[in-house]
Amino acid sequence: MVQFGCQQTLDGHVIALLLLVTFVCLAPSDGETHARRVLLLFLVRALECIDCAPPHLAALEARLRAVLHAYPTTREKLLTYLHMSFAALESMDGLTDLMHAKLPDCLDGLHDEADAMCPMLLDRRSYLGLFVRRARLSYEMLLDHERTELVALCRAWRDGRESALIDEWQVQAPARAFRQWRESERRGDYTATKNDLRAFFDYTLPGCDQELHQHALLNLARFHMHTEGWDAARTALDEAILLARTVGDAECMRACDRLLDQLSVLDPVAHDDRGGVLTQPEAPDTLKCGAYAPLTLWKAEQDRLRGRPLLAIVHSLYDTIWAPRAPFARMEPTWEPRPSIERCAACPSAVLARVWLQLGEPRLAEAYMAHVERLGHMAPPAGYDALALDACATGAYRDAERGAYAAAIAALVAPAQLERITSQALCKEWQAAVWRVLWLRARRQGHVSTLRRLAALCPGVGEWHATLTPGPSAAEWLAEAQSMRDAQQPHQCLDPLMKAIAASGAQQLYPLHRTGLVQLAEVQALALAMSTEAKAVLAQVRPQALADENGERRAMFYMAEAKQALASRDVTHARRSLACASADWARVEAWSAQATSVYLERALAQHAGDDAAYAKLCDEHDRVAARVRDAETAPCDPLVAQVERLVRRLSERCTGSA
């Protein structure tokens, strides 16, 4: 890009925005007067950097087609105008015509329209007027060879040739160290990252006149934090804070604030009260300007993993997105969304989708996942690859819970998702999602060899909603209670069962809470002779349990309902519930549980004298029992080996690409 002093930076994207200004001012509306307002809003969003700059002309045209889809006449005229204007940039004449003819006409109000809208928009005190005048001033102050360079930049931006851009980082020694540092970090080579980090900050940054040692210390502290070297991270951070305060580097101090907050969450042993005390008063000002703090999202995800109340996480995110802003002089509501609701809502969408799915509201999770997908077709924000991968993993978990394992794996191994895996960090996240889906299927099937192989490939693999609490989680308490019930110890299972119910209620894990109540009702009906109380508990959770997309949890409810009916000697109701449970167990491929439900259903059919149903259920029980035996003795699932090879290739691509 070509920049002169503090004036407007000139490059291909800025020239395109100036052409849009001339189109708004000089082109007739042809009856689509509202289209001009849409274009003005598009210009303001681009100038405020709400939407990231398009990398080439084709990307800008795609955005304009989406914005002007309701105005086909204006859209076609504008695209034709942009093509003709950029085609004229093969020589200096096109740029001269823009700067010395079209823009002065706009500023002077020499257009065919009868209203006075455009002169008012380009008034010397208006937002667009300042932009246009600064751009013209920057152009006038360029030398001849710099103007020629600007024409070359515009042609390169038009054609999408990034190699033609003149970038200071491509020709200086610090650039090589910087690229090596970031590349080593992307590959996950931490030894090279540390060495390249030190080498990079031995140089002076381009355009700076002093050594930025405080930023070197800050990045070194961040490196130690990623490698879980908490003490080393705090030591480096203390030095960075001291030096930043000495030189008055407010930006570095704000970064130190964020790192201190992260360390206070990640390092539970240390008790440091300094987090957020350096520049915390500036945080509300940042929110007033519409900036969305990534630290808020990071803390929300950490709170979810650590078993904090889920609705409190949702409320904190919503409060941040819709925080009140100080009103300006003109009339505007006191409460309003952040400027650029698309971009501000894009960041928390993946986190909110995961939280709502964990809360048992898959429809809301689907809406947030769809929002992430829409952003990929519009103006993807920074870090969109991680955002899309997180949303894809959430969708895969939802499919796996319903028993659609093939759809879940297909979504994760889709070419579009694999292309987004460009770093070791993203590769690890993707691996974890795939292993969790395969583990869930193997656990439900009772596939012993596959479970062993997955435990070796990914130690600690388990349910996708497992938390990182210091003690046993609600899911672990439920698993312990289930194992005691399977061992015919119903009275002993009450203690872990009540702990699971209390923990899931405190964490607002409503699906697990319902599962705990269902298990409690089953124990009450069979072991405690409390059939009436068990029926009341089941009636309490019945609407939510039947609406649950998770076939396993729904089948567990039907099984408990059938056992309660048996305790009440209601054979007809018990047979109906067992049939529903068998269908759900088959849907999620939980063969051992399906064999149990079919066995009970067969016994009840024999007791009722239903010979036809008894014969049919005998054949079905034999088939399901054969599947259970095969799962216990079969070798590892071939799909695991295929995914393992794919993981190896992805890891090699992330570590070996230059």
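## A buried charged pair

R554 and D584 are both buried, a label given to residues with under 20% relative accessible area, whereas exposed means over 50% and partly exposed lies in between (1.4 Å probe, protein chains only). Their side chains meet in a salt bridge at 3.0 Å, N to O, the term standing for a side-chain nitrogen of Lys or Arg within 4 Å of a carboxyl oxygen of Asp or Glu. Because R554 lies in helix α28 and D584 in helix α29 (residues 571–587), the pair ties together parts that are 30 residues apart in sequence.

The model is a predicted one, in which local features need pLDDT of at least 70 and side-chain atom pairs count only at pLDDT 80 or more, while totals for chains, interfaces and linings use all residues. Residues are numbered from 1 along each chain as its sequence is written, and side-chain values use heavy atoms, with hydrogens and water left out.

## Other salt bridges

The whole structure holds 25 salt bridges, including one between the side chains of R443 and E552 (3.0 Å, N to O). R443 belongs to helix α22 (residues 424–445) and E552 to helix α28 (residues 551–567), so this pair ties together parts that are 109 residues apart in sequence. R443 is partly exposed, with a relative accessible area of 28%, whereas E552, at 14%, counts as buried.

## Two packed helices

Helix α2 (residues 33–47) packs against helix α7 (residues 127–140) at an angle of about 60°, and their axes are 11 Å apart. Where they meet, L40, L43 and L47 in α2 are in contact (heavy atoms within 4.5 Å) with Y127, L128 and F131 in α7.

Notes. Axes fitted to C-alpha atoms, helices over the stretch in contact; angles between N-to-C directions. Helix = DSSP H or I, 4+ residues; strand = E, 2+ residues; numbered from the N terminus.
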